[in-house]
Amino acid sequence: MDYRDFYRGRRVLVTGGLGFIGSSLCRTLADLGALVTASTACCRTTAATCSPRGYEERVRINIADVRGHGMEYLLRGQEVLFNLAGQVSHVDSMNDPVTDLEINCTSQLRLLEAVRRGNPG
């Protein structure tokens with residue numbers, strides 16, 4: 001099976017889906033026929049600049065922060081997860097290291113636990 005066929009018709013969740021890499025991935029997956037949901041916290045550096053333009057009908061957008069407990073709901077029924085969510089600003093990490101740790105570490109563990117509990121397949 002060609003890897004491109006693998007995604008056709010599959011439900012795919014992309015966290016960080018409106019970031020630079022995430023939005024490109026969402027467009028590619030949609031072109032391959034995947035049923036794509038892009039999850040974003042809608043931070044100031046993402047949604048306004050990197051939305052999947054031209055794919056509004058093919059990429060569903062969900063505003064959700066990976067630090068929240070709603071991720072388990074988003075993961076239900078998904079077949080593939082691309083986890084690209086994260087805080088990437090060095091300046092923000094220096095100004096607010098606790099939030100940086102919550103986004104880049106604690107929330108990642110919560111996401112993995114949500115997958116384990118809500119969508120182990």
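Predicted model: local features only at pLDDT ≥ 70, side-chain atom pairs only at ≥ 80, totals over all residues.

Visitor: How many bridges join strand 2 to its partners?

Guide: Strand 2 (residues 35-40) is joined to strand 3 by 5 bridges, and the two run parallel. Strand 1 is likewise joined to strand 2 by 5 bridges, again in parallel. As an example from the pairing with strand 3, T37 has R60 as its bridge partner.

Visitor: And in strand 2, what is the bridge partner of T15?

Guide: That partner is S39. T15 itself belongs to strand 1, which covers residues 11-15.

Visitor: Is T15 buried or exposed?

Guide: T15 is buried, because its relative accessibility is 0%. Strand 1 as a whole is mostly covered, with 4 of its 5 residues buried.

Visitor: Which side chain makes a polar contact with that of T15?

Guide: The side chain of N83 does, at 2.6 Å. N83 is also among the residues in contact with T15 once neighbours within four places in sequence are set aside; the others are S39, V66, M71, L81, F82, L84, A85 and L111.

Visitor: Let us turn to helix 2. What is its span?

Guide: Helix 2 comprises residues 20-31, which makes 12 residues. From its first C-alpha to its last it reaches 17 Å, close to the 16 Å expected at 1.5 Å a residue.

Visitor: Which of its residues are buried?

Guide: In helix 2 the buried residues are G22, S23, L25, C26, L29 and A30. Viewed down the axis of helix 2, they fall within an arc of 160°, and they therefore line one face of the helix.

Visitor: Why would such a spacing put residues on one face?

Guide: An α-helix has 3.6 residues a turn, so residues three or four places apart point the same way.

Visitor: Which exposed residues does the other face of helix 2 carry?

Guide: F20 and I21 are exposed and sit on the face of helix 2 turned away from its buried side.

Visitor: What about the residues on either side of the helix?

Guide: G19 lies in the loop between strand 1 and helix 2. With a relative accessible area of 15%, G19 is buried. Just after helix 2, G33 takes a positive phi of about 95°.

Visitor: How far apart are the C-alpha atoms of G19 and C105?

Guide: They are separated by 18 Å, the two residues being 86 apart along the chain.

Visitor: There is another cysteine I noted, C42. Where does C42 lie?

Guide: C42 is in the loop between strand 2 and helix 3 (47-50). C42 counts as partly exposed, because its relative accessibility is 38%. Its C-alpha atom is 9.8 Å from that of G17, a residue 25 places away along the chain.

Visitor: Changing topic, what does the side chain of N119 reach?

Guide: The N119 side chain reaches two backbone oxygens: that of L75 at 2.7 Å, and that of Q78 at 2.7 Å. N119 is placed in the segment after helix 6 (97-118), and it is buried, with a relative accessible area of 17%.

Visitor: Which residues does N119 touch, leaving out those up to four places away in sequence?

Guide: On that basis N119 touches L75, R76, G77, Q78 and A114.

Visitor: Finally, where is E102, and how accessible is it?

Guide: E102 is in helix 6. At 33% relative accessibility, E102 counts as partly exposed. Apart from neighbours within four places in sequence, E102 is in contact with R67 and S107. E102 and Q87 lie 15 residues apart in sequence, and 9.4 Å separates them in space, C-alpha to C-alpha.

Definitions and conventions: Residues numbered from 1 in each chain as written. Heavy atoms only, no water. Buried < 20%, exposed > 50% of the residue type's maximum accessible area, 1.4 Å probe, protein only. Polar contact = N/O pair within 3.5 Å; in protein donor to acceptor, adjacent residues only side chain to side chain. Contact = heavy atoms within 4.5 Å. Expected span 1.5 Å × (residues − 1). Arc of directions from axis to C-beta. Pairing = 2+ DSSP bridges.
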